[in-house]
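Hi everyone, thanks for coming. Let me put today's structure up on the screen, and then we'll walk through it together.

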Amino acid sequence: MIKRVISYFLLYIIVAIAAYLGHDYFLGNPENKLRFSLLDIYIFHFFASFIISLSLILLSNTERWVNQIGFIYMFTFITKLLFFAALFKDSIITVENLTK
C-alpha cells in the first residue's frame with residue numbers, strides 16, 4: 001500500500017507541475033494580469049486532491065467503508081469546494097469592475 005500511495009503522490013506532483021507550467025505559459029503575456037496567485041491555487045488543489053485520494057485509498061481497504069466510497073467522495077469534494085471558496089473568496093469570487 002505504501003508503493004501505491006507513493007505512486008499516487010508522484011503522479012499528482014507530475015500532473016500539477018505540468019498543468020501549472022502549461023497554464024503559466026499560456027498566461028505568460030504581460031497583458032494577462034491575474035488578481036490572484038495561480039501558484040497558490042495549484043498548491044491548494046494539489047494537497048486537497050491528494051488528501052481526498054489518500055483517504056479513499058485507505059478507506060477502500062476496510063470492509064466497513066467499501067460500499068460507501070462514492071458518498072465519501074461526494075462529501076470530500078463538496079468540502080474541498082467550500083474550503084476553496086472560503087480561502088480564495090476575496091481574490092476570485094469578488095468582481096472589481098464589470099463595466100470595462
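So, how many helices and how many strands does the chain have? The chain has three helices and zero strands, where helices (H or I, at least four residues) and strands (E, at least two) are DSSP runs, numbered from the N terminus. Reading along the sequence, you get the pattern α-α-α.

A quick word on where this comes from. This is a predicted model, so local features need pLDDT of at least 70 and side-chain atom pairs count only at pLDDT 80 or more, while totals for chains, interfaces and linings use all residues. Residues are numbered from 1 along each chain as its sequence is written, and side-chain values use heavy atoms, with hydrogens and water left out.

How confident is the predictor? pLDDT is its confidence in each residue, from 0 to 100. The chain averages 85, and 89% of the residues score at least 70. Among the elements, helix α1 (residues 2–26) has the highest mean pLDDT, 91, and helix α3 (residues 69–93) the lowest, 87.

Now let's look at α2. Its 23 residues should span 33 Å at 1.5 Å a residue, and its end C-alpha atoms are 33 Å apart, which agrees; the expected span is 1.5 Å times one less than the number of residues.

How does α2 sit against α1? Their axes come within 10 Å and cross at roughly 155°. Axes here are lines fitted to C-alpha atoms, for helices over the stretch in contact, and angles run from 0 to 180 degrees between N-to-C directions. The two helices are therefore roughly antiparallel, a label for angles over 145 degrees.

On to the inside. Of the 100 residues of the chain, 20% count as buried, meaning under 20% relative accessible area with a 1.4 Å probe, protein chains only. Which residues make up the largest nonpolar core? They are Ile41, Phe44, Ala48, Phe84 and Phe88, five in all. Both α2 (38–60) and α3 supply at least two residues of this core, and the largest share, three residues, comes from α2. By nonpolar core I mean a set of buried Ala, Val, Leu, Ile, Met, Phe, Trp, Tyr and Cys residues joined through side-chain atoms within 4.5 Å.

One last stop: serine 53, in helix α2. Serine 53 is buried, with a relative accessible area of 13%. Its C-alpha atom is separated by 8.9 Å from that of valine 5, 48 residues apart along the chain.

Technical notes
pLDDT = per-residue confidence, 0-100. Buried < 20%, exposed > 50% of the residue type's maximum accessible area, 1.4 Å probe, protein only. Parallel < 35°, antiparallel > 145°, perpendicular 65-115°, else oblique.
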